[in-house]
Amino acid sequence: MKRLLKGGRVVDPANGIDGVRDVLIDGDRIARIGTDLPVDGATVVEIPDGLVICPGLIDMHVHLREPGQEHKETIASGTAAAVAGGFTAVACMPNTNPVNDDANVTAYILAKAREANLARVYPIGAVSRSSKGELLADIGDLRKAGCVAITDDGHPVATAILLRRALEYAGMFDMPVIEHCEDPSLKGDGVAHEGYFAATLGLRGMPGACEALGVERGVLLSELTGSAFHVAHMSARASLRAVRKGKEAGVRITCEVAPHHFTLTDEMLATPLAYDTNTKMNPPLREAEDRDAMLAGIADGTVDAIATDHAPHHYDEKKVEFDRAPFGIIGLETAVSLAFDRLVHAGRVRLSRLIELMSVNPARILKVTGGTLSEGAPADITILAPDLKVRVEAAKLRSRSKNTPFDGWELRGGVAATIVGGRPLFTNPETRMSF
Amino acid sequence: MPDTKSAVVMDADRISRTLTRIAHEIVERNKGVEDLALVGVRTRGVHIARRLARTLREITRNDIPTGALDITLYRDDLMRYAVGPQPVVRRTEIPFSIDDKKILLVDDVLYTGRTTRAALDALIDFGRPKAIQLIVLVDRGHRELPIKADYVGKNLPTNPEESVRVRLQETDGQDEVVLQQEATV
Amino acid sequence: MTTVHDVEQKPAVTSLRSKDLLGIADMLPEEITLVLDTADAMKEIASRPIKKVPALRGKTVVNLFFEPSTRTRTSFEIAEKRLSADTLNIAIATSSVVKGETLADTALNLEAMRPDMIVLRHASSGACHLLSRICRSAIINAGDGTHEHPTQALLDAFTIREHKKRLRGLKVAIVGDLLHSRVLRSNIHLLTKMGAHVWVCGPPTLMPTDIRRFGVTPTSHVEDAVAGADVIMMLRIQLERMEGAYVPSLREYFSVFGMTEARVKLANPDVMIMHPGPMNRGVEIASEVADGPYSVILEQVANGVAVRMAVLYLLAGGADYEEAA
C-alpha cells in the first residue's frame, strides 16, 4: 500500500533536510521525499500544521523484562509503550531471567517481538555468562542470533581484565560494549546520591565519583583495545569530564543520558513526597550541578544519545521502605515530552540536534538501520508535535508498570504518530492525525 | 457578628468583700483552720485561693498550705470531639500531702459541675483527704452533675446563651465579674 | 509558708499541625516549645502517689518495634500507661536476610484493628513516612534508620532547658558517629531551630556530606568542639564501624575523640554531659565522665517519659478516628 504524507515539515539531519516536504511510503519503505509529489494512487495523509516528520526515534536502553519478569512488563506491553512514546525501535537489556547470554534467549526475545509486531526490538546480549562477571558469554553466537551490543547492565563488568577481553572480542564483530559505569566498593550499599538531601533523609549515598571511576576505566580500556565503548545512563559531571577528555584524545567512546538525569535533581528525594521510591534509580538523581552538566553536554555535543533506561517495576515492589525498593523508573512514554520541554523549548538544543540524539546517533552507535529518511530506507517514521500540551497521567500509560515520578506533570511537546515499516502503530487522538 | 451586651455584676469592691466574707465562713464552719488546705483550680481558682489564704492568715495568724491543680488531663471532653487543638496542660503544684486534710477546692465559676468532677478525680489520685469542700466565686446554675458548692460568692441565675467572665487583677489587670449576652445567630 | 508558682505565659501555639511526629525537621520552633512546656506539666505526674491520669483512657497505642530496644520501648510504654492508654507491644525480629511480610502489609493489618497511635521503630530511613501515608493512625517516630529520633532530641532539649533555662545561644558540641546517627540529625534540627550554636565533631569518615548546610560548625578536633561548650553530647560509636574502615580501631577512636576528664575541663565550668545511650564506656566516653558530676545521663532517661507523654497527649487529641481528614 502507498501512503503520501503531504505538506509536513520534515527534519532529517542525516540528509540535511529541514523544510516542508512530502513523504511517499510504499509498503514498508520510504519511496520518495520531495516537494509536491504526485499522488499516484497513494492514500493521502494531510499533515496538520505544527507537526514535524522525522526518522523513527530509537531508544537504545530499555528493560523489557521478558523473559522472567512479566509482572513488570512484557515485550508486547513494552513495545506498545515504545510506539506510544514515539519510538520505532528499542534496544533491550539482557538482565532478564534467564539473562540473555545465549542465542536461545535472544531468539525467544525476537520471536516475542515479532509476535507483538510493534516497535522493532534490538536485543543487547550479556558480556558474561549470567552476567556474573566470570566467563565471557558466547558473544559470536549472540551476534549471529541478532544482538547488536553487549553489556552486563545492572552492574559494571566485574573486572578490568574481563572488560578488556570483552572489548577486544566484541571489537571483532564491531559490536560496542555498553557499560553501567560504577565502582562497586564506592557504591557500597548506597541508595541515593551522596549529598545534602541523602544526608538529611538518612539515606546511604553513592558519590558521582563512583560512576566516573567506571567511565575512566572504560575510556582507558577502549583506548587500549581500539574498540567502541558506550557509557550507559550517564549522570555525573565528573563522568562527562572523562568522556570529553576521551573524545578529545580520539578514543572511540560514546555516551547516553536519560531524561530524568537532565530534568530532576536529588531534591526530589525530599519534596514533594519524601522518600518517594519513584525517585530511586541507579545511577541516582544527582545534585543540580550534575544535572546542569548533563544539559551542557547535550547542548555542546559531548552527549551522543538520549536513552530512557526504561525500568518497569511492579507497584508492590516499589511500595516499600526506600532502601528496600528496587532501582528504576519507566521512561518510554515521557521521554519525548521531557526532551521537548527541557531541551528544545528551553532553548538548549535545536530540533535537528534532538533528532540526532534520539534517532541518528543511536542508530549509528548500534549500527542498525534507521536515523534517516533516505529513499529506500525502512519507513520508520515518527511524527512529532512540538507544541502539544501534554499532561502525564501514570494510570493511562501503556506500560504495565507505572513507576514514574512525572505523574501529573504538564509538559509542552509530544508525539502525533509512530510509523514502523510503513504501518501507523500509534496515533495521538489529540493531534488530529489520521491515517 | 453576634451582638454582645455585657453587664458588670460584681465590681472590685464587691469581690473583695465577698472573699472576706467567705474566709470568715470557712473559719466558722470548720471551727478554726486546723487541717485545712486550699487547692485552686487553674487558672483563676489559684489566684482566688491565694487571696483566701492571705485573708485567713490575717484573721487567724495561721498559714494555710495552698496548691494549684491543673485538671486538663481529667476533663471528660478530652479527645472526644473533632474540634482540633488539645487544651494546654500546665503544671500541678501541690507541695504537701493531702491525706487526712480538709481540702478547700477553689474555682471561679461553678456551671455544669464537670470541672469540679474532674478536680475531685484528680485530687483523689493525690491521696485521701478527710473531706473536700467546694468554694466558688460565682454559681451560675445549670448543673449537669450532682455537684453543690459549700461556699458561694454570688448566686447568679443565667441563660445558657449567656457567659460569665471573671476577671482578676493578677491575670486580667482588674477585678470584675461580667455577664455577657450573646445574641443567637 | 508555702508559695505557689504559676507560669502564666500562653504558648504561641496550642497544638501540633501534623497528625504525626515523623521528625524534628518539619516542626516549628513554637511547636517544639509547646512539647517542652507540656512535658514540664507531665513530669510532675511522676512524683504523685498515683502516677496516672485518665487523659488517653480508651485510646489504643501500638508500639511497633522492628529493631530491638529496651530503653525507648519501655519509656514509651510507661508514658502510655501513665496516660491510661491501652498499649500493645509488637516486637518484630527481622534481619536483612529474612524477608517476610512487608511493612505496608503489616501496617494494613494493624489498621484493621483501628489503633489510635502507632509508635514505630524501624531500620529503614523513611519507614515512618511510608506508614503515615498508609495508616490513618497518628504515627510517632521512635527511630527510623539513620534519619531521625525526634523524641530523643526533645528529651535532650528538655533536659538542657531544665538546667540552663534556655536553648538559645548555648554552645552545644556533639561528638561521635555523626554519619549513622539519627539522634544527631534530630538534635541538629532542634538545636539550630531554637537558636543554639551547634558544633559537630568526628572523623571525616563519619561526617555526613555537606554537613555545613545543616547550619552547624564541623570539626575533627574535639578540643575545639568542647572549648567553652555549655553542653557536650556524646554519640555511640559501634564496633561495626571498624569493619567499614571508618575508624582504624576503637582504641584509637577513644584516644582522638573520646570524652575524657581532661577534655571536659576545656568546656564551661557548668557544662552538661549527655548521651542518648547505650554507652560504650571507654570508647566514646570515659567512665569517670559518664558517672561524674556533670553527667545528666540518668536525668535524660527520666525526662524521656515526660516528653513522650507530652507527645502522645498532643497527638492523640482532637479529631475522632472516623473523621480524620
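This is a predicted model: local features need pLDDT of at least 70, side-chain atom pairs count only at pLDDT 80 or more; totals for chains, interfaces and linings use all residues.
Two pairs of chains touch, and the pair formed by chains B and C has the most contacts. Chains A and B are not joined by any contact, and their closest C-alpha atoms are 25 Å apart.

Chain C contains twelve helices and nine strands. Its C-alpha trace extends over about 65 × 55 × 35 Å along the principal axes. The radius of gyration of chain C is 20 Å; a compact globule of 325 residues would have a value near 20 Å, so the two agree. Buried residues make up 57% of the 325 residues of chain C. Among the contacts in chain C with a separation of 6 or more, 72% are between residues 24 or more positions apart. The accessible surface of chain C amounts to about 13,200 Å², and carbon and sulfur atoms contribute 54% of this area.

Within chain C, helix 2 covers residues 71-82. The end C-alpha atoms of this helix are 17 Å apart, which agrees with the 16 Å that twelve residues should span at 1.5 Å a residue. The buried residues of helix 2 are Thr72(C), Ser75(C), Phe76(C), Glu77(C), Ala79(C), Glu80(C) and Arg82(C). The packing partners of these buried residues in chain C include four strands, namely strand 1 (60-65), strand 2 (86-91), strand 3 (117-122) and strand 4 (138-144). Helix 5 (150-164) and helix 12 (297-316) of chain C also pack against the buried residues of helix 2. After helix 2 comes Ser84(C), with a positive phi near 70 degrees.

Most residues other than glycine have a negative phi, and most peptide bonds are trans. A further positive phi in chain C, near 60 degrees, belongs to Asp210(C), which is not a glycine. Asp210(C) is located in the loop between strand 6 (197-201) and strand 7 (217-219) of chain C. The relative accessibility of Asp210(C) is 38%, so this residue counts as partly exposed. In chain A, His233(A) is a residue other than glycine with a positive phi, about 25 degrees. The loop that holds His233(A) runs between strand 13 (229-231) and helix 8 (237-248) of chain A. His233(A) counts as buried because its relative accessibility is 2%, under the 20% cut-off.

Chain A also contains cis peptide bonds. One links Glu66(A) to Pro67(A), with omega near 10 degrees. Pro67(A) sits in the loop between strand 6 (57-62) and helix 1 (75-84) of chain A. Another cis bond leads from Asn282(A) to Pro283(A), with omega near 5 degrees. Pro283(A) belongs to the loop between helix 9 (259-263) and helix 10 (288-300) of chain A.

Pro312(A) is placed in the loop between strand 15 (305-306) and helix 11 (315-318) of chain A. Pro312(A) has a relative accessible area of 0% and is therefore buried. Apart from neighbours within four places in sequence, the residues in contact with Pro312(A) are His63(A), Arg65(A), Lys72(A), Glu73(A), Ile330(A), Ser399(A), Ser401(A) and Asn403(A). The C-alpha atoms of Pro312(A) and Glu256(A) are 19 Å apart, with 56 residues separating the two in sequence.

Definitions and conventions: Residues are numbered from 1 along each chain as its sequence is written. Chains are lettered from A and ligands numbered from 1 in the order in which they are written. Side-chain values use heavy atoms; hydrogens and water are left out. Helices (H or I, at least four residues) and strands (E, at least two) are DSSP runs, numbered from the N terminus. The expected span of a helix is 1.5 Å times one less than its number of residues. Buried means under 20% relative accessible area, exposed over 50%, partly exposed in between (1.4 Å probe, protein chains only). Contact means heavy atoms within 4.5 Å. The radius of gyration is taken over C-alpha atoms; the globule rule is 2.2 Å times the number of residues to the power 0.38. Accessible areas come from the Shrake-Rupley method with a 1.4 Å probe; for residues, only the protein chains shown count as cover.
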